[in-house]
Amino acid sequence: MASCSDFLDRVPQDEIVNETYWKTQEHLEMAATAIYSRVKAKNFVDMENLAENTMWPTTNQYKDIGSGVFPVTQPTVNSEWANMYRDVRECNAFLENYAGASENQPGAKERLAAEVRVIRALAYSFLTSFYGDIPLLTKTLNPDDPELYDDRTPQSEVVDFLLGDLDAAAAALPSAIPTGQNLGRVSKGTALTLKSRIALTYGRYEVAEQAAKAVMDLGVYELYNTGDPQTNYWELFTRAGKLAGGRNKETIFARLHLTDVIMHNLSREIQVPDQFARFVPTRSLVESYLCADGLPIDKSPLYSDAAYADVFKNRDPRMTQTILVPGDKWGGRFDGRPVAQNPDPTIFQVPKFSQDGRGSVTTTGYYYKKYVEPSAVGLVSRDDNDIHHMRYAEVLLNYAEARLEQNKLTQADLDISINLLRDRVGMVHMNLSFLAQHGMDIRAEIRRERRVELALEGHRYFDVRRWQQGELLGRDIEGVKASWFPQLNAATYRKSTDGHLVVQWTRAFESPKNYLWPVPQTQWERNPNLGQNPGW
């Protein structure tokens with residue numbers, strides 16, 4: 001019996017267990033690296049389909065959620081809950097066990113714990129944004145723990161916890177941009193940027209301003225700028241803008257990718273050369289860009305929509321660095337011209353609306369070029385662009401918006417924030433006197449700036465909801481002016497009353513219902529104490 005007892009008491013050799021694992025700094029580093037692998041990658045960009053910047057051509061669960069027409073049993077509603085709480089559990093396990101490990105460098109344990117706190121806060125920021133009140137768990141739980149059946153924690157308490165935890169993390173993290181073996185790790189700037197984002201989301205404007213300004217005052221970040229205002233914004237999202245290249249001091253936190261190790265398929269999905277493009281810009285996004293004189297298209301004498309190519313002329317340069325323009329190089333092969341009239345399929349001229357397997361088809365008539373690494377378009381899942389979660393550009397936008405919402409915004413504030421973004425691309429400055437002269441609302445313009453700067457980066461849905469502008473999500477998704485292309489005159493194409501292509505019309509937004517996702521039915525059945533969100 002003694003020998004049998006010895007055998008049964010042995011630690012399993014095929015899994016990590018607390019009794020044997022959390023002993024050294026190397027153990028902590030490996031555990032933290034595993035937690036980093038949980039951070040959203042291309043999935044964050046996929047969330048652009050929740051809003052009205054982008055149209056996915058076929059059934060897509062994010063698109064369905066954004067359209068407002070989906071049931072409580074929708075799979076993504078449950079998978080986001082389950083995946084984020086899996087991440088939270090792994091972070092909690094680290095934070096419960098790290099303190100007893102030895103360390104090779106003084107302070108390494110607390111630095112790694114701070115990194116994990118930030119990643120946990122990022123997961124919780126998605127959870128509370130989607131579901132509102134949520135269970136706030138700060139320790140690992142087992143199936144028989146009564147806490148599994150507690151009520152949800154009020155969202156305001158969750159936010160308080162996250163802001164406090166991010167303060168603690170920032171205090172333990174280095175200010176310098178991580179390099180070398182630490183490339184891509186969380187830093188003080190990451191913690192403060194996430195703090196600013198969360199505070200802005202929940203109307204803690206003074207906190208958001210202070211956190212953003214603290215990042216600005218670190219003096220280590222700057223906007224990516226190659227010296228060419230016609231390309232540097234676009235280049236940031238290509239292979240040349242990777243953190244590993246050493247030129248990018250703008251990206252504060254990203255999911256890094258490496259050839260043959262971890263790659264994604266975003267470039268191909270944007271300009272897929274033999275099927276429907278998965279991400280395509282909408283009329284709403286295209287028309288949101290200002291003209292080069294700083295006026296919107298309904299006020300500027302520079303704007304013309306006489307032809308497809310005209311809408312790209314005399315616009316904010318970020319438009320033509322985000323959206324494909326006739327004459328651009330692309331990877332989508334044969335465009336909408338007859339093949340016999342297309343001597344160079346590497347150059348885009350005309351959108352393609354019909355599927356023939358020879359080129360990229362668009363549902364709206366527009367294509368993206370942002371986030372496209374041209375060499376990866378023709379290959380499947382061979383893209384190693386970084387996926388940017390936090391950029392210095394967002395910090396500047398957070399600062400300006402937080403100042404505005406406190407009625408403190410000055411021209412000097414714009415000059416150290418939004419006008420730096422405009423300088424990068426050679427766009428005329430935002431000027432308070434100019435806006436007043438032309439009857440332009442400063443709040444609308446601050447929000448417009450955020451939309452065009454962060455397009456296709458996953459932010460739009462979260463911004464629209466926090467601004468309580470849910471009605472934007474309930475509108476039809478439209479594309480090009482049908483009169484530009486004779487084939488669109490066919491009855492098979494639906495058109496709006498003003499003659500634009502309509503590509504999705506089964507959209508709705510019910511307030512307050514659609515400002516939150518439902519508690520997933522699977523989770524509610526397991527724990528009825530979770531309750532349900534309004535309208536669901």
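The structure holds 31 aromatic pairs.

This is a predicted model, in which local features need pLDDT of at least 70 and side-chain atom pairs count only at pLDDT 80 or more, while totals for chains, interfaces and linings use all residues. Residues are numbered from 1 along each chain as its sequence is written, and side-chain values use heavy atoms, with hydrogens and water left out.

**Stop 1: the largest cavity**

H7 gives the most, with five residues. Helices (H or I, at least four residues) and strands (E, at least two) are DSSP runs, numbered from the N terminus.

The space in this cavity is about 240 Å³, and the structure holds six cavities of 30 Å³ or more. On a 1 Å grid over the protein atoms alone, a cavity is a set of points where a 1.4 Å probe fits but cannot get out, and lining residues have an atom within 4 Å of a point. Grid points are joined across faces, edges and corners, and a volume is the space filled by probe spheres set on the points.

**Stop 2: His389**

Next, select His389, in strand E4 (residues 387-391). Is His389 buried or exposed? His389 is buried, with a relative accessible area of 1%. Buried means under 20% relative accessible area, exposed over 50%, and partly exposed in between (1.4 Å probe, protein chains only).

A polar atom of the His389 side chain lies 2.6 Å from the backbone oxygen of Lys40. Leaving aside neighbours within four places in sequence, His389 is in contact with residues including Phe44, Arg197 and His459. Contact means heavy atoms within 4.5 Å.

**Stop 3**

Leu454 is found in the loop between H19 and H20. Leu454 is buried, with a relative accessible area of 3%. Beyond its neighbours within four places in sequence, Leu454 is in contact with Tyr233, Lys370, Arg391, Leu397 and His459. The C-alpha atoms of Leu454 and Arg391 are separated by 9.4 Å, although the two are 63 residues apart along the chain.

The charged end of Lys370 sits over the ring of Phe237, 4.4 Å from its centre. A charge sits over a ring if NZ of Lys or CZ of Arg is within 6 Å of the ring centre and within 35 degrees of the ring normal.

Now select Leu456, in the loop between helix H19 (442-453) and H20. Its phi is near 65°, a positive value in a residue other than glycine. Leu456 counts as buried, at 0% relative accessibility.

**Stop 3: the loop between E6 and H21**

Select Ser511 and Pro512. A cis peptide bond joins Ser511 and Pro512, with omega about 5°. Pro512 is found in the loop between strand E6 (500-504) and helix H21 (521-526). Most residues other than glycine have a negative phi, and most peptide bonds are trans.

Lys513 lies over the face of Trp536, at 4.3 Å from the ring centre. Trp536 is also in contact with Leu516, a residue in the loop between E6 and H21. Leu516 is partly exposed, with a relative accessible area of 22%.

**Stop 5**

Asn314 is found in the loop between helix H13 (283-288) and helix H14 (317-320). Asn314 has a positive phi of about 60° although it is not a glycine. Asn314 is partly exposed, with a relative accessible area of 43%.

End at Pro345, in the loop between H14 and E4. Pro345 is partly exposed, with a relative accessible area of 25%. Leaving aside its neighbours within four places in sequence, Pro345 is in contact with Trp330, Arg333 and Phe334. C-alpha to C-alpha, Pro345 and His389 are 33 Å apart in space, and they are 44 residues apart in sequence.

Definitions and conventions:
Rings of Phe, Tyr and Trp (its six-membered ring) pair if their centres lie within 6.5 Å; planes under 30 degrees apart count as stacked, over 60 as edge-to-face and the rest as tilted. A polar contact is a pair of N or O atoms within 3.5 Å; within protein, one must be able to donate a hydrogen and the other to accept it, and residues adjacent in sequence count only if both atoms are side-chain atoms. On a 1 Å grid over the protein atoms alone, a cavity is a set of points where a 1.4 Å probe fits but cannot get out, and a pocket is an open set with protein on both sides within 12 Å along at least five of seven lines; lining residues have an atom within 4 Å of a point.
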